[in-house]
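Here is a short report on a predicted model. It covers sheets, helix packing and cores.

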Amino acid sequence: MIEAHQFVEAARERGFRWYAGVPCSFLTPFINYVLQDPSLEYVSMGNEGDAVALIAGVALGGNRGAPARGITMMQNSGLGNAVSPLTSLTWTFQLPQLLIVTWRGQPGIADEPQHALMGPITPALLETMQIPWELFPTDSDAVGAALDRAIAHMDATGRPYCLLMQKGSVAPYALERGSAGSASRTAESVRARPSGGSDVERVSRQDALREVVARTAESTTAILASTGFCGRELYAIADRRNQIYMVGSMGCVVPWALGLALARPDLDVLALDGDGAALMRMGAMASVGAYGPANLKHLLLDNGAHDSTGGQATVSPRISFAGVAAACGYARAVESEDLADVAAWLKEPRLSGPSFARLWIRTGTPPGLPRPSISPVAVRRRFMQHFAGEVR
């Protein structure tokens, strides 16, 4: 295991100043360290493919005498989002970058079910894209040599090189909110909320989900909860047969709910979304606006942070999601910090099309939060049987 500074400072000496990506718990020490150094740049991107493209733009801004070097960081599940720019942008234009990809679901190491397939195929996927890789260094004496091998490949070919990070490779590094050069840098420009309420004054995700449970009928309302703490908190509050707890597939809960709502007009369908997930696939809102039926509701619980990976800020406070939803064609779109407004919205009758609500919530989650003890396949079977669908 190494310390974050041992890698980041060695990378800085070799010209790496730009970082972009989507958080993973394995990457939290790096992101926290970079955020607290005003001489380094970290850009939080909506999805991994956008991060690859941004660092490709950084490379485009350099020259032979002074190459602009950047690092794209992602969980291996995000490689799916990054395949297109890695195969048709960086490869085609020969724009090099260093990839740090976390190896979730590594064979022989217990992990969550959503990593069961991607873990074993990650090395082969990198090789199929002609991206050479090696394990991320876990000895401080090996960091410089690994970076030098990466740079040698990048300079010779103009193409990416990957360091595949195993669990426990980097020691924790705290994000000191409010300290000079730390998350306050992000907070000043990104986390300023449009209203006067403080984070502490806002309701919790648990408060919001309790309201969802209280105001939705198990017999007629299908609830699809986004990956991360949203699904886990919903499960902890009430494990009902009408609920699906998404694992992985970040950002896909909205198109998933759209498909269900179209296929089952007899059901009321509620998609429970988070700001990081919504930003990852915001284009799905355009499809909902165009095709979404009246039985679909989309609730965004927005705390302005990637809560499950250390609380790194998202760019959501800059965005009027209700404005986006309205522009996309949702029949109704509201934003509020008041749980009573969302409670009333949940009970509104069907309109002429889909309905959207965004609730500002505070960061944090209850201590000792359990993970669902029921498998995803069992949840799906139970859900389908509950609504009298075909079960296999």
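Which residue in β9 is the bridge partner of Ala 222? It is Val 269. The strands concerned are β7 (residues 221-225) and β9 (residues 268-274), which run parallel and are joined by five bridges.

Both strands belong to an open, six-stranded sheet with parallel pairing, in the order β8-β7-β9-β10-β14-β13. β8 (243-245) and β13 (332-336) are at the edges; each has a single partner strand, so one side of each lacks a neighbour in the sheet. From one strand to the next, the twist averages 15 degrees. Helix α14 (residues 321-328) packs on this sheet and touches β10 (296-302), β13 and β14 (355-360). The direction of α14 makes about 180 degrees with that of β13.

**A further sheet**

Another open sheet of six strands, again with parallel pairing, has the order β2-β1-β3-β4-β6-β5. Its edge strands, β2 (41-44) and β5 (133-135), each pair on one side only. Direction ignored, neighbouring strands here are turned by 20 degrees against each other on average. Helix α2 (residues 28-35) packs on the sheet, with contacts to β1, β2, β3, β4 (98-102) and β6 (161-165). Its direction makes about 120 degrees with that of β2.

| Strand | Partner strand | Bridges |
|---|---|---|
| β7 (residues 221-225) | β9 (residues 268-274) | five bridges |
| β1 (residues 16-21) | β3 (residues 69-75) | five bridges |

In soluble globular proteins, nonpolar side chains tend to be buried together. The largest nonpolar core here has 53 residues, and Leu 272 and Leu 299 touch the most other members. Helix α11 (residues 253-263) gives the most to this core: six residues. Beyond its neighbours within four places in sequence, Leu 299 contacts Val 212, Leu 270, Ala 271, Leu 272, Asp 273, Val 342, Trp 345 and Ala 357. Another core, of 34 residues, lies apart from the largest one; among its members are Ala 11, Cys 24, Tyr 42 and Ala 146.

**A helix pair**

The axes of α9 (residues 205-214) and α10 (residues 229-237) come within 10 Å and cross at roughly 55 degrees. That angle makes α9 oblique to α10. The crossing is right-handed. On the α9 side, Arg 205, Gln 206, Leu 209, Arg 210 and Val 213 take part. They meet Phe 229, Cys 230, Glu 233, Leu 234 and Ile 237 of α10.

Technical notes
Residues numbered from 1 in each chain as written. Predicted model: local features only at pLDDT ≥ 70, side-chain atom pairs only at ≥ 80, totals over all residues. Heavy atoms only, no water. Pairing = 2+ DSSP bridges. Helix = DSSP H or I, 4+ residues; strand = E, 2+ residues; numbered from the N terminus. Axes fitted to C-alpha atoms, helices over the stretch in contact; angles between N-to-C directions. Contact = heavy atoms within 4.5 Å. Core = buried A, V, L, I, M, F, W, Y, C linked by side-chain atoms within 4.5 Å. Buried < 20%, exposed > 50% of the residue type's maximum accessible area, 1.4 Å probe, protein only. Parallel < 35°, antiparallel > 145°, perpendicular 65-115°, else oblique. Left-handed = near helix turned anticlockwise from the far one by under 90°.
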